[in-house]
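Subject: A structure for you to look at

Hi there,

Here is the structure I promised to pass on.

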Amino acid sequence: MAGETRFRPHDVMRMVQRDQRARLLADDSIWLCLTCETCTARCPNGLDPARVVDALRELSMTEAPGRIPKAIAAFHRSFLEEVKRTGRMGEFGLVLRYKLRTGQFMKDVGAVPSMVRRGKLKPLAPSIKGVKGVRRIFEKCAEARRANGQEEVRP
Amino acid sequence: MARIGVFVCHCGENIGRTVDCTKVAEALKNHPGVVESVDYKYMCSDPGQALIKQSIAEKNLTGVVVAACSPHMHEKTFRRAAFGGGLNPFLCEMANVREHCSWIHEDKEKATEKAIAIGRTIVEKVKRNVPLETIRIPVTKRALVIGGGIAGIQAALDLADGGAEVILVEKEPSIGGHMSQLSETFPTLDCSQCILTPRMVEVYQHPNIKLYSYSELESLEGYIGNFKATIRKKARSVNEELCNGCGACTQVCIQKKIPSEFDAGLGKRTAIYVPFPQAVPNIPVIDRKNCARFKAKAKGILKEACGKCAEACLKGAVDFDQEDRFVTEEVGAVVVATGYQLYTIGKDQPEGLQGYGEYGYGTIPDVIDGLQFERLASASGPTGGQILRPSDGKPPKTIVFLQCIGSRDPQKGIEYCSKICCMYVAKHTMLYKHKVHGGKAVVFYMDIRAAGKGYEEFSRRAIEEDGAIYIRGRVSRMYRDGQTIKVQGFDTLAGEPVEIDADMVVLATAMRPQPGIETLAQKLSVSYDRHGFINEAHPKLRPVETNTAGIFVAGACQSPRDIPDAVAMASATAAKVLGLFSKDQLEREPTVAKVNQDLCAGCFSCEHVCPYGAVEHKEIRDRKGVLLKIVAEVNGGVCQGCGTCQATCPSKSVELQGFTDEQIYSEINALAGCVE
Amino acid sequence: MQEKSKSDGAFEPKLTAFVCNWCTYTGADLAGTSRLQMATNVRIIRLPCTGRIDPLFILKAFERGADGVIVSGCHPADCHYTSGNYHARRRFAVFNDLMEFVGIDPGRLTFSWVSASEGAKWRDVVNEATSKVKALGPFTTYPNAGLALGEVAHASA
Amino acid sequence: MKIGYYPGCSLHGTARELDESLRAVSAALGVHLQEVEDWSCCGATSGHATDHLLSVALAARNLALAEAQGMDQVLAPCAACFSRLASARHEARNDAEIREKLPELLGLPFTNTVAVRNLVDLLRGLAPEIKAKATKPLQGMKVACYYGCLLVRPPEVADFDDPEQPTSMEEVVKAAGGTPVTWNHRMDCCGGAFSLSRTGSVIRLGRAILDDARTAGADAIAVACPMCHSNLDFRQSAMALRGEAPMPIFFLTELVGLALGLEPKALGIRRHFVSAAPLLERQCAAGKGVS
């Protein structure tokens, strides 16, 4: 994915060293990282750019939420929302939420019948038994963020 | 009554930062027997030493304690100062409050407390020191040089020209080392063999040099001026006395496809072989692992196989039954010059190191290392100096060179810089461009480190005159794409990815010490760092000495070195050794054992444990010559002062001077705060 | 006998280290030049070789208030004096039993080999011995002091 | 052999065939899969891209459940789930602060005693059995083994095979009687979680992978990750710009199942978007075992 980004892993590391937070967060490069971990596996200095990018994304959620590519933010929100609701990621629910967020109602619609035919798309899934435990995790993590003075990550 | 002076050194800030030196001096001032206790910024400086000398005279001191660095650092300095002040030097001792205190602790209060305790301990010891006289021992004026590469050759020649006898030991069948494999050398592009081979011949012909090729050091005993080296002469299977180097044997050998070590695996050799035409000595050796006759024997076949080389030899020099032989040589000094090996690019890596799977772990035949490229570029190489791909023998139109493979990579390889790669890669691009006109040379580098006379100019020449393309950045991976190698990397200066279709890739792999260096270092009792490089005694002021007196180090076995460095170090070791040999006798510390012959019962337990055979029998007779008893006596010239005899003696009648029971008990007591 | 040193109320043990000049002392120097931080509880007594160490030194150290003792020299086969450490090793094999006999917990005595290039190992030896002795608490007296020290001396010789 | 089983969300949805084929193959090989009761989502990319602590805790919940249910190892057949669970285990082992926080976050005891294993790791261990029980070996089928990202990277988390030149998938394919091809894009990323949000990227990355496998002469690609499968299978029609021949994408378990003589239907192979039928018929017609 580095080919599609403005800042590549080494640029990101350099900018972090030079504390160019604003420039980094104003760009969507960090959101285009797929966490394939190649940078981390090959860094001769044993650094972990993949984790740094994760940390930057976390920062970006609270410091520059407007800068996150809409489709990607919508995807992550929809995903976490679905997990928080049912304890698992139901693809139907995820896609539904995503489409409501992005307004791309028609995208991939043609694929729906073939998906259903192949038994790959199930209707809205019921929650798991221990969904309260999952919600507890979301709430505790939100608490921890508030305690650190960070804003809540809002799924 | 003891009158001790204590001198506390701040060592600039090295001690003062974590130890309150003034407080240490104050505390020790009140210690029984101490009549003078002061602190000073730099005790080892001239004014510091003058302070000690002055106090000895003014306060009439009977002992001196310098609380400063390790005795290994400055004991000699301060003993000389004490002597200058009129005191027997052995009445001066050091309390180590730097290496053993200020540098390893951060808590100032605790460190100060500990420094005081260390000071007290040594004060108590010095109170019990007695004047000792220096021992003089003879020097064997013959040097052992281990390793016959350029460093060993230079050291041997300088020593021999300076009048010393030299024993040169080389583990390979020929001297010459890696330098003999090189095509041309930076920064002058002069032919490596043209400058090296005359020196190799000179070694062979020098009346003062005895060469043991295909030999290794088995063991080393003794001490400075008086070493005894045992050398294993590996079975060459060719009688060196009879062989005249005609080469008939190698012509008839049936094994012709053994990868040649000299050609870095790119060329082939026979099983009986001379590594290269200019080898010194020009005597073949049989590689028993690959020889048909020995292989048959190893398989248990009784019938004698092959033997063509023996038939071809008119001198009858081939000797299949030869065995390893051992010779001993007495020498006064040792120079270690065992050189380097390259980081392997294969998948199998030594412990702690990883290979480079993203570069194919050496599975792509046209990915080679620097030494292999040297062989391709060398007129004496497998291609006669033409640059051709190992896979199909075609000249490569594009070569990509990757620097820092293994070097500067603490994650997968080693963190140090191998120093020579920037320069030899620049040289490689030039050699390539001179030989393949229109060829494209691309270099991926992290930094260009060209510090050396003419080096920066040389690497600029590669770029500006010969048109090598330098790309700052690393290659993320490469793979075979039909006949070419796809090289994908990143140009950090342009800020964009690059992809190059290369015909050949040369990896500038890291320099590592020779395998087995640890074993050798242990035989020599010299220390080595965690990479296996031999440690010098002091990184700045004693760069060619080791921690063991009489053993010196030159070349790439100490750290990555280029040829000028290795040669300079070699000459420096020669100067050091010749300096040592300029004296007929060496002075040695009188830390030797002495027997109290009144107490000795003559059980000779000491004789059994003495590693040096220093214990002799002495007859005690009365005035009329009647034998009263036989007691032990220690030969002070042979005794090395380990003190094992003293710990063993049942009647406590032998004592190691400078480390007597009384002195050690006083130290133990002092640590407990008991001062008598 | 001196009172046990205390700071912040926590027990700070005293350890005496008998080390050889060529390997461990130099290794400890290397720890210093490498600025490796370690516990402050160990005091070093430098000897030419572990072969010089009389088992009585160790008993004496305990008698004089040490809570722990470290004995460290060259690795086997690395002795500067060829074989001093072998003699030491043989001697201490016998000595270990004696320690238990007089009632010293063997955990208070650490034997190790630290070469001149093992600064980090020396740090580990110091830290581990210190924490081990810390856990054992102060050494008060020979619990089995049925026999006088003199007899111990003869037993060990 | 008994092993804890964490299917993960995809195996109940788009990657049903992985669940089906895994269960079928396990039964045939005598591996008892004990599903972690009441498992929840591992958090996936959306977790770790937005809240580090959340990502560790969501994954750790499942490890804690497995622990409570008496398991000592858990199989996570989805490479992404494997990576998240293994990361959580790795973090909890190396970060004392997180380790101490976790029981409170989860409301469950957690001592981090459950090992996490991936699908390829498990099958490689079973290679001798696969070979012995392969009644219909995949003779002649040229398979490009596609590892993707998360099976081997980062090496200290995955702790499995060589991070740059792994061989385990090839070993499994060989045991099943197939012929692994040598190709270059074995470890490149397929676009992962961007299937919905950046479909264009996924198509670009996927095409490079398919092209390379084709050049290497592969008949099919084997994967061990629902995301890789979805991107290469579901999105393949969009990647075939120049009308290239379809390239069936198999889960590694499906190939093993075929070799063991299981019915394609029981393995869920009919659920693929790119039909495997022509390839399987060719194999059959050539008398090469696979029905």
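Let me begin with how chain C is held together: taking its contacts between residues at least 6 apart in sequence, 83% join residues at least 24 apart. Please keep in mind that this is a predicted model. The predictor assigns the complex an ipTM of 0.68 and a pTM of 0.74.

Staying with chain C, you will find five helices and six strands in it. Along the sequence they come in the order β-β-β-α-β-α-β-α-β-α-α. Chain C has 157 residues, and 54% of them count as buried.

How confident is the predictor in chain C? The mean pLDDT of chain C is 82, with 82% of its residues at 70 or more. Residues 1-7 of chain C have a pLDDT below 50, and this stretch makes ten contacts in the model beyond near neighbours in sequence. Residues 144-157 of chain C also stay under 50, with 15 contacts beyond four places in sequence. Where pLDDT is low, the predicted coordinates should not be read in detail.

Chain B is split into several domains: domain 1 (4-134), domain 2 (142-234 + 324-339 + 514-581), domain 3 (248-312), domain 4 (342-512) and domain 5 (593-656). Between the C-alpha centres of domain 2 and domain 5 of chain B there are 40 Å.

Finally, there is a contact to which chain B gives four residues and chain D five residues. On the side of chain B that touches chain D, two residues are nonpolar, one is polar and one is charged.

Enjoy exploring!

Best wishes

Technical notes:
Residues are numbered from 1 along each chain as its sequence is written. Chains are lettered from A and ligands numbered from 1 in the order in which they are written. This is a predicted model: local features need pLDDT of at least 70, side-chain atom pairs count only at pLDDT 80 or more; totals for chains, interfaces and linings use all residues. Two residues are in contact if their C-beta atoms, placed from the backbone, lie within 7 Å. Ala, Val, Leu, Ile, Met, Phe, Trp, Tyr, Cys and Pro count as nonpolar, Asp, Glu, Lys and Arg as charged, and the others, Gly among them, as polar. Helices (H or I, at least four residues) and strands (E, at least two) are DSSP runs, numbered from the N terminus. A residue is buried if 20 or more other C-beta atoms lie within 10 Å of its own, exposed if 12 or fewer, and partly exposed in between; C-beta atoms are placed from the backbone. Domain bounds come from an automatic or database domain assignment. pLDDT is the predictor's confidence in each residue, from 0 to 100.
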